[in-house]
Amino acid sequence: MVLEGVVASVLSRFLGDYIQGMERDNLRLSIAGGQVSLQNLALKREMLANLELPVTVKAGFLGKLEMNIPWTNLGSQPAIVRLERIYLVAGPTKIGDEDPALREKRLENTKQKQLMLAEMMSGGDTNPEEPVAAKGGEGFAARWIAKIVDNLQIFVEKVHIRYEDDRTNPARPFAFGLTVESLYAQSTDADWNPTFLVSSQPIVHKLVTLDNFAIYWDSKAKFLEYENDAQLTEQLDKLTYMSSGGSSAPDHQYLLDPICGRLQIVMNKAANFDLPKIALNFLFQKISFTLKENQFGELMDMIDNFTLHHCALKYNKYRPRASIKQDPRAWWEFAATCVTSELRARKVAWSLPHVKAAIADRKAYVALYKNKRQHQEQGKVLAAEDVQALAELEDRLTYDQIILFRSLANAFLKKDKQLMLAAGKNPGKPGWFSSWFGSNTVETSGLELDDQIWNELYTIVDEEEAKKQGANSRTPKDYVKIGVNFELRHGSLQLMTSSRDAESKPLTELKWEGFSIALKIREGSTSFKGQLQTGSLHDYFTPNTRYPIIIQPIFDDVSEPAEREGSEKKDKGKERAHSKELQHFLEVDFDLNPIDDSNVDFRVGLKMRPLEVVLNLGLVMRIVSFFTDRKESTAMKMLQIEAAKRFNELQQQSFEQLSWALNNKKVFDIFVDASAPRVLIPQSFTAEQCSMLALDLGKLQVETQLNGNEKARNKKLATFRKKGDEAFSPADAANEDDFYDKLYL
């Protein structure tokens, strides 16, 4: 059955790399019955290898995997997938423990999976061996797969992933982990009540509910001791936060306190331009972070360890297997090889033979991939020698090179189709009706249809398909294809001091309320809006302070900016973007190619109320020492080296790149209305009456003056740059100021 094979293939592709026994053939036999119930599935030891980190799986299993797919009642019953107890314990591994040959093979497999995913995203066929026309039930299967997805229910309960490390700092072992009580995904009605969609709905609602997701970092942790999965389950059950069941809360040092949230998904399958094609609404009531001083130090040590491991991976194939005492000469040769290999690779990359070989590879791959896509569209199989040549090229080319070459091939293929259409020829791509049969002459019930009849049928079906595509192509300019909203009502970040002899004490805490983000993606346009209602920074460090809140916004006595003389009235779109009614402490707007003004490429808006800042140097210095009072970080060194490298690359940009940037100058519409902080410096933080220095730094207002011809001006300026100074006429010289951007301050 086609559907069983599709479902088995999807599960094997996404779970086969992590769970043992998830081969496609085994799954297909289990799924055929409609019900699958698997228990105590072992997780693969190499499941974390793709992370390229010095981490290995010490123990892990999936307690239960249940699937219920009612093949005969899909019109009245939902498909249910249930996962329970995803438990994993990981630990550090040494550099050089992995065989370089196995790593190369794993990286090649990862590259092929990434290429397959990129092919799926681009709409291409993922299987080069199977022609399009051979998939007789593709349309039928696609409709039923959509039916299953519309009513698919996923229930995940009890997830605990734990990392135990006594190698980074043997004197202070730690355990880091994340836990989830439950994660549910269900189909709902318009009021977000779980329901079953009886028929195909033009608007599909999905609700994802997250309960008690938490991240902990336990310093001086006691590692788990177990002999079997039952003992591991008992211990991890106790260490997983559960809001129900009456069990006591686990003794963790939480980086992220348990949080609950929901994601509302709306999928618009109809030609309804009142709703986005896909709308994602995230809602969280409260998110609280807590970071202790010792946790930050251990975290940076772990990052340093991971950074060193990542740097050493590319030299692992040269690494001697013997110890330094056993073969010191081999280690000296290893050090020399690490240095010379980089120089040799850089020299070879710019050599003439290598450049010629790269050009030949590009031409060969583009031609082969273009031929492959043409065969797929015509329902044919690519020749075996071409398949072999394509595979050999993909083995030695990098992922980025392959993606680039594929984009070139697709561009050439599109151009060829346009030329054929312009010449009045049929590009040869069959419609969906023809893909059911794969030939122009099919014997059905003893009746043989010739090419003329089939062409008439194709024309009728393809016209209906074209009408649907035409309806979808008449998309309004302001139609939102993807809408994303994120809302966090309360949030906090607390820093805590720590010492070996005393308990941790709070140092400072940042609190905020009413944080929201709205992202709208349109055809050729993107808009972003961020808001923050209020926020404050609290001082727990200074004893008996009379200023417990050292930073907070001021919502009263905010004067409105006066209208500028001679300023023109803004249009309605700009009025909305630059509204002077500020209901929040901070508002940020960004528009790429605004739909209400074709003369503008970027629109940036910033409005901010004033802050009251009490300057406490003692607290400031303590916060600085919180993050810097430790040994120099290797990760920070690497970051500085990378930043310096990027800066040098920017300095070495060619003249042509700079000219292109100047000749393609963008038009910005900038509006800034930001009140500067009001700084208070008291003489004493504990006295009831004392002298105080108050600084009011005023307000910053910036606005672009636009007259509607900026893009035409930039084109004219680009022409002058190409032709030189002789292209200027006396009239142009008189209007030289027109070529400058104008900002009001």
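Predicted model: local features only at pLDDT ≥ 70, side-chain atom pairs only at ≥ 80, totals over all residues.

Trainee: Let's start with the surface. Which element gives the most to the nonpolar patch?

Mentor: The patch takes in L615, L617, V620, M621, V624, I681, L693, L695 and L697, with about 780 Å² of accessible area together. Two elements, spanning 617-628 and 692-696, each supply at least two of its residues. The one that gives the most, with four residues, is α14.

Trainee: Is L693 buried, partly exposed or exposed?

Mentor: L693 sits in strand β20 and belongs to the nonpolar patch. Its relative accessible area is 46%. Buried would need under 20% and exposed over 50%, so L693 is partly exposed.

Trainee: On to the helices. How are α8 and α9 oriented to each other?

Mentor: Two packed helices are described by the angle between their axes and the distance between the axes. For α8 (residues 352-377) and α9 (residues 384-396), the axes are 10 Å apart and the angle is about 135°. The crossing is left-handed. Roughly antiparallel would take an angle over 145 degrees, so α8 and α9 are oblique.

Trainee: And what is the handedness of the crossing where α8 passes α10?

Mentor: Helix α10 covers residues 399-422, and its axis runs 9 Å from that of α8, at an angle of about 55°. That makes this pair oblique. As for the handedness where α8 passes α10, the crossing is right-handed.

Trainee: Now something inside. How far apart in space are L88 and I161, C-alpha to C-alpha?

Mentor: L88 lies in strand β3, residues 80-92, and counts as buried because its relative accessibility is 5%, where the cut-off is under 20%. Along the sequence, L88 and I161 are 73 residues apart. In space, C-alpha to C-alpha, the separation is 4.8 Å.

Trainee: What separates the C-alpha atoms of D556 and P610?

Mentor: D556 is in the loop between β14 (549-553) and α13 (572-577). With a relative accessible area of 52%, D556 is exposed. D556 and P610 are 54 residues apart along the chain, and their C-alpha atoms are separated by 9.5 Å.

Trainee: Time for charges. Why are K238 and E234 separated by about one helical turn?

Mentor: The two form a salt bridge, with the closest N and O atoms 3.9 Å apart. K238 counts as exposed at 57% relative accessibility, and E234 as partly exposed at 46%. The separation is about one helical turn because the two are four residues apart in helix α5.

Trainee: What is the N to O distance between R489 and E487?

Mentor: R489 is partly exposed at 34% relative accessibility, and E487 is partly exposed with a relative accessible area of 34%. Their side chains meet in a salt bridge, and the N to O distance is 3.4 Å.

Trainee: How many salt bridges does the count come to?

Mentor: The pairs we've been through include K238 with E234 and R489 with E487. For the model, the count of salt bridges comes to 20.

Trainee: Last topic, the backbone. What is the phi of K220?

Mentor: Most residues other than glycine have a negative phi. K220 lies in the loop between β6 (203-219) and α5, and counts as exposed at 55% relative accessibility. Its phi is positive, near 50°.

Trainee: And what about N544, what is phi there?

Mentor: N544 sits in the loop between β13 and β14. At 69% relative accessibility, N544 counts as exposed. Phi is again positive in a residue other than glycine, and for N544 the value is near 55°.

How values were computed:
Residues numbered from 1 in each chain as written. Heavy atoms only, no water. Patch = residues over 30% accessible without salt bridge, like charges linked within 9 Å, V, L, I, M, F, W, Y side chains within 5 Å. Areas by Shrake-Rupley, 256 points an atom, 1.4 Å probe, with all protein chains shown as cover. Salt bridge = Lys/Arg side-chain N within 4 Å of Asp/Glu carboxyl O. Buried < 20%, exposed > 50% of the residue type's maximum accessible area, 1.4 Å probe, protein only. Axes fitted to C-alpha atoms, helices over the stretch in contact; angles between N-to-C directions. Parallel < 35°, antiparallel > 145°, perpendicular 65-115°, else oblique. Left-handed = near helix turned anticlockwise from the far one by under 90°.
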